[in-house]
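Hi there,

Here is the structure I said I'd pass on. Have a look at it first, and then read my notes below.

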Amino acid sequence: MNNEAMNIILQKIREYDSIMLFRHIRNDGDCVGVTKGLKRIIQLTWPEKHVYLIDSDTAKYLEFMGPEDDDVSDDVYKISLGIVLDTASEDRISNKKYTLCRELIKLDHHIPLETYGDYQWIEEDMSSCCEMVVKFYAAFRDELKIDSLAATHLYTGMVTDSGRFRYSDVNGDTMRHAGILLDIGIDTETLYSRLYLDTLDYLKFKARIYNQIEITPNGVAYIYIDRAMQEEMGLSLEQASACINNLDSIQGCICWIAFIESGDEKGSVRVRLRSRFVCINSIAENYRGGGHARASGATVYSREEANALLRDADALVKDYKETHEGWL
């Protein structure tokens, strides 16, 4: 089935002279890397094609990957093949003009929440959507072209979505796909510096986080980052959201959650959920979200709703610990 889907996608890319690429809101390394990486591969392979990546939702920490394209008329969308990458549901597609495209492909690695598009290629066991595109390139490397820039974009998504190759969905194929990119040529020292170096102010923010972590009765570690703290520390929403990575090493806490006030007019609170051993995507799906089994996102609109989500997560962890052994 996956080979059939890849063949259809290649055939559709061959057919169209104009291609539009789309990704999800709240950018991360995978959705940015996969759109930029695939765009570069198509442009190298078919220089005569017009490939557009138009998105106003950007993340400051990923600016080193380069700017997006300027918008084009609706008529361009209407003659184009649209490819939506790394996005499980239509409501999370950032550029809403995807509906104008003549045909639409969904290429994703999340647990499917809904079916959309004319064609789909979904591999929920893949560590990243970038890995899927590397697999696509490897399957048709006799035709497709790649260079170090495309490889760096794709490697960025693989590294960030796999937690630097630490998460449970990393397997031998993941490392072999990463090896393909490394063989092409990537300046990993510069890339890791851009992704993981912190300013002194952000290190001070981390110290605040460690002092404010709370734990539910059954072992859910969590923190709530309000707008006042973000403004006091001079944090962007992306920087504040990254605090989830500082809760992942507490013994006995097999689930950890960060609540980050967005400051928008709706009063939404971004929720990032992570876990080891236990699957938490069902919690996210009950609160306007979804994602992977052990890495998901959701949205709540009040402290009361945040507390309800915490109670659900605590009950899930309690049940898991009572029925399983070997968790740490």
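Is the crossing of α5 and α7 left-handed or right-handed? Keep in mind that this is a predicted model. The answer is that α5 and α7 cross in the right-handed sense.

Let's stay with that pair for a moment. Helix α5 covers residues 148-161 and helix α7 covers residues 188-196, and they pack at an angle of about 50 degrees with their axes 11 Å apart. Angles under 35 degrees would count as roughly parallel and 65 to 115 as roughly perpendicular, so α5 and α7 are oblique to each other. On the α5 side, the contact is made by Y155, T156, V159 and T160, while α7 brings in T188, L191, Y192, L195 and Y196. Sorted by class, that contact has 6 nonpolar residues, 3 polar ones and no charged ones.

Now for the sheet. Strands of a sheet pair through backbone hydrogen bonds, and they can do that either parallel or antiparallel. Here you'll find an open sheet of 5 strands, paired in parallel and ordered β2-β1-β3-β4-β5. The edges are β2 (50-53) and β5 (119-122); each has a single partner strand, so one side of each is left without a neighbour in the sheet. From one strand to the next, the twist averages 15 degrees.

If you zoom in on β5, its parallel pairing with β4 (residues 103-108) runs over 4 bridges. One to look for: L107 has W121 in β5 as its bridge partner. Helix α1 (residues 2-15) packs on this sheet and touches β1 (18-22), β3 (81-85), β4 and β5. The direction of α1 makes about 130 degrees with that of β5.

Cheers!

Methods:
Residues numbered from 1 in each chain as written. Predicted model: local features only at pLDDT ≥ 70, side-chain atom pairs only at ≥ 80, totals over all residues. Heavy atoms only, no water. Pairing = 2+ DSSP bridges. Helix = DSSP H or I, 4+ residues; strand = E, 2+ residues; numbered from the N terminus. Axes fitted to C-alpha atoms, helices over the stretch in contact; angles between N-to-C directions. Contact = heavy atoms within 4.5 Å. Parallel < 35°, antiparallel > 145°, perpendicular 65-115°, else oblique. Left-handed = near helix turned anticlockwise from the far one by under 90°. Nonpolar A, V, L, I, M, F, W, Y, C, P; charged D, E, K, R; others polar.
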